[in-house]
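Thanks for coming. I have one structure to go through today, so please look at the screen.

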Protein chains: 2
Amino acid sequence: MTTQPSDVEIAQAHPLKPITEIAATAGIPDAALIPYGTTKAKVDITALQDVEPAEGKIVLVTGVSPTPAGEGKSTVLIGLADAFSQLGERTVVALREPSQGPVMGIKGGAAGGGYSQIVPMEDINLHFTGDFHAISAATNTLASIIDNHIHQGNDLNIDPRKVTWQRCIDVNDRALRNVVTGLGGPTHGVPAETGFTITAASEIMAILCLATSLKDLKKRLGDITIGFTYDGEPVTARQLQAEGALTALMRDALNPNLVQTLGGTPAFVHGGPFANIAHGCNTLLATQTAQKFGDVVLTEAGFGADLGGEKFMDIKSRFGGLDVAGAVVVATIRSQKYNGGQAREDLTTENLEALKAGVINLERHVENIRKFGVKPVVALNLFWSDTQAERDFMREWAEGFGVALAECSVWSDGGAGALDLAQTVRDNFVKGESKQLYDPAAGIEASIETIAHELYRASSVEYGPKAKKDLQYIKDNGWEEFPVVISKTQYSFSDDPTALGAPMGHTLHVRELLPRTGAGFIVALTGDVMTMPGLPKEPAANRIDVTQDGTISGLF
Amino acid sequence: MTTQPSDVEIAQAHPLKPITEIAATAGIPDAALIPYGTTKAKVDITALQDVEPAEGKIVLVTGVSPTPAGEGKSTVLIGLADAFSQLGERTVVALREPSQGPVMGIKGGAAGGGYSQIVPMEDINLHFTGDFHAISAATNTLASIIDNHIHQGNDLNIDPRKVTWQRCIDVNDRALRNVVTGLGGPTHGVPAETGFTITAASEIMAILCLATSLKDLKKRLGDITIGFTYDGEPVTARQLQAEGALTALMRDALNPNLVQTLGGTPAFVHGGPFANIAHGCNTLLATQTAQKFGDVVLTEAGFGADLGGEKFMDIKSRFGGLDVAGAVVVATIRSQKYNGGQAREDLTTENLEALKAGVINLERHVENIRKFGVKPVVALNLFWSDTQAERDFMREWAEGFGVALAECSVWSDGGAGALDLAQTVRDNFVKGESKQLYDPAAGIEASIETIAHELYRASSVEYGPKAKKDLQYIKDNGWEEFPVVISKTQYSFSDDPTALGAPMGHTLHVRELLPRTGAGFIVALTGDVMTMPGLPKEPAANRIDVTQDGTISGLF
């Protein structure tokens, strides 16, 4: 077993370069830099409008179906970026911001790991530059404006039972999933059954991530549907005159955040939506800004290639007109053994049979990615328990399956552990070939069917009673040509989290369709969606501490 | 009537100095500066430990009993600071941060006004450096840890009905005053009747404002009482192992924020607690830091001298060992006419009778301030409708009453409008004479009685049934020697908001006593306390907007 210092210890022992130096090396003009301390900055997008072209080659880092063991997707991305830098490529990272809720819950940190981290990791994991707080403030200000409108006479005739807008908070708090507000009598508002989501699952987070400019941000904020009138008509934030105030609250958050990797590669860390209820990628603006200053841009999508990967291609790339040059599918031997039926507690034991049985999960993801016109490379992220026989099997499998595979050891070796991988990725770049899977103009049902058949390999799609009603009002309101965000368990290609491997011929059950008219997509709920996590019995918060000189410990 | 551009227009037209220049002029070492953009910074208190002495003369700016017309206390303070700077004094301001909730509600901004503002006012009014968000995050993280503890087996035997810890949010949202959480069945937590306060009214805000160091902050966070066990024993945040994580969340917020006035005077703007549920002053650390770099330090306390002023002397100065050199009581002719019975809508009409009748309010505040050993100066903040006869009356009254009075016109003239006032304040400095009104060692009842008799001029104090029970458990738990924060209407010296002027011989009714063991005081509730405001029918948010280039309008 490999032992090394904890993530926060590695990060704190590392001498950071001033962010002005990182920016200067990347060619980011001084005038565009808004410092937050000496090692973080926001980059003013209005000061970059004349910087052209934005032609960096985009490499999408995605993964196999996630398993409880963890695959280290962000860690591989960061190590790979440092490897590209070591190869002399002008490289820039674009990643999501960690959510503070899970940092206090199970995760304890989400800024890579080991010797492949973005730093300053304590700041990135806690508050950072305040983007999540701005989203919570905007979301909750809108909620207060809605409830106040109803309380003060309800000129818009809003049906209090049909307010779909929920408050949000960046805390794992299961007790806020279902709440009743407005109790205590007439002076304290109108009682309502509602709930809080975690900020990463909010529509304003999705809006931030898809907005192309301040003007576009304001338009999308105004387009939010907050609920319905007694007559069933949708009501927007614009009708409540809220979009100006919401834009003011979100103005600074729209600027991408610049930090660095342990290898000194510039990293834009901006936006952090869930990959089920939204598209699960960092902001479009961060990726496009990275393309202005990097010849190679490494960017990530949440969960497996069927969820975040699909949405990266079908939502983010569509909205932003992105050309994707390469894709990395991060896999581990452990994850494929798990998909092949090996129990979680036995994953460190060699089991070639399970590996052989489970690698169909990886195969399916590779096949799927190819449907988007790019040439996927498998990054085999090594773990101390992987045996030579297992590694040999994976190499042989890749040759047989006809996909490029490179091992990497970024957690213990940083960029040096991904040099092979970087070269393999570079050898598989394409240009002008990436594409979307479906055309939303064909209508929401056709979009869902295409994804279900082509990627999930379902044989049919079934709409529950609620979904059928939703479909009707989506058509009535002219929303049927929005692209679709399918909210599905990340553990399976099907909507059954226990169906591991590569299930086929199943039925996709659509329970509900949620219009996200501000973000510009329709969410199709299949199975249960967690929009507000809870804390575990022993929260990571218990271990977090601060010394008298301000050093934070317990993040990992 | 005077007309001039709006506050935000004045602020935006003003060329700001780089914050590095403001800091350099003040003598703040470069190494201590943590920039947030180019015009805001935090000052790292750990880098200032060797900067001595902290001997700036503290001038407390307080006021008469507030009236609906507004007295302009912060505006006078800022103009007065710029006047001191113009007189060649090394001057530093220490002020509270605005709360975003009221900015979106009635206020539309709270960073001074006219030509006496702190800038950048848009940033200060919206998010600023994230201190309020950090407090909300810490407060709500603790709430989730409490509910999670109960949900996961409740080892500490916490009685869910007796959890006193509430969540907070920096939004005016009446619908969150009374809520039921934890609904939806056993996997979604334990149902509880609770509520949200606005962040400014939270205990962690009070803790931030009274903490003397990072170590002290951590101790206070651990000392928070979150509720009681089934056996009636208090439970602390420390018992939930939460104080490390809370300290990590609050670490950066503890550093004072540096900005500038329109006149270029350095201003620490840090902390923003309510003056009823807490002490209502900016942070102790900001005031002490200001004392290191200014010979004159102007600092404010919320509401009238009976509320914020008393707490500044009895809580903040006691905790920090502050010597107060001077006090300014801000008054307007309008406010005294209102206290003399003139209707709000007629305040711009000359009425010497009402002025004569109402000036007893100012008299009482002046007398009260003297009991703390300082020599108050009356700042008569002029309004366009004040007549010469009314102004003459005020001068004659001051001579007769034996108090120094100076007119000022800071809203329209900035620092130039307060030169007289500055000289008058300087002429009335004392040294080593300021003192507290009571000794908490005599017990909570004695402390309340002293304040009620000496300042409010009540003839008796009555405890309601709940307060009597509270008194008992306060004694049982050894909390009776904490100082007291009396929560009382700001409109009257009594607990009846309609008793204007200078009531005497009334009874102070104590309804409830709330232990704030982290902040280190007991709150005595008299009358209703608003810990969560609502939005008005036409919220200020409706008027706030952002242009495509990012300029914010609608703040005032």
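Start at the rotation axis: of the residues of chain A, A:Y36 comes closest to it, with its C-alpha at 2.2 Å. This is a predicted model, so the values I quote are computed ones.

What is that axis? Chain A is superposed on chain B by a rotation of 180°, with 0.0 Å of shift along the axis and an RMSD of 0.0 Å. That is the relation of a two-fold axis.

Next, the interface. Of the interface residues of chain A, 100% are interface residues in chain B as well, so the copies meet through the same surface.

Now the cysteines. How many disulfides are there over all chains? The count is zero, taking a disulfide as two cysteine sulfur atoms within 2.5 Å. Take A:C168: the closest cysteine sulfur belongs to A:C209, and at 13 Å that is too far for a bond. In chain B, B:C168 is in no disulfide either, and the nearest cysteine sulfur, that of B:C209, is 13 Å away. Are these residues buried or exposed? A:C168 has 1% relative accessibility and counts as buried. B:C168 also counts as buried, at 1%. The cut-off for buried is under 20%.

Last, the nonpolar core. The largest one has 316 residues, and A:I448 and B:I448 have the most contacts inside it. What does A:I448 touch, leaving out residues up to four places away in sequence? Its contacts are A:V461, A:Y463, A:V484, A:I486, A:L508, A:V510, A:L513 and A:A524.

That is where I stop.

Methods
Residues are numbered from 1 along each chain as its sequence is written. Chains are lettered from A and ligands numbered from 1 in the order in which they are written. This is a predicted model: local features need pLDDT of at least 70, side-chain atom pairs count only at pLDDT 80 or more; totals for chains, interfaces and linings use all residues. Side-chain values use heavy atoms; hydrogens and water are left out. Copies are superposed by least squares on the C-alpha atoms of residues with pLDDT of at least 70 in both. Contact means heavy atoms within 4.5 Å. Buried means under 20% relative accessible area, exposed over 50%, partly exposed in between (1.4 Å probe, protein chains only). A nonpolar core is a set of buried Ala, Val, Leu, Ile, Met, Phe, Trp, Tyr and Cys residues joined through side-chain atoms within 4.5 Å.
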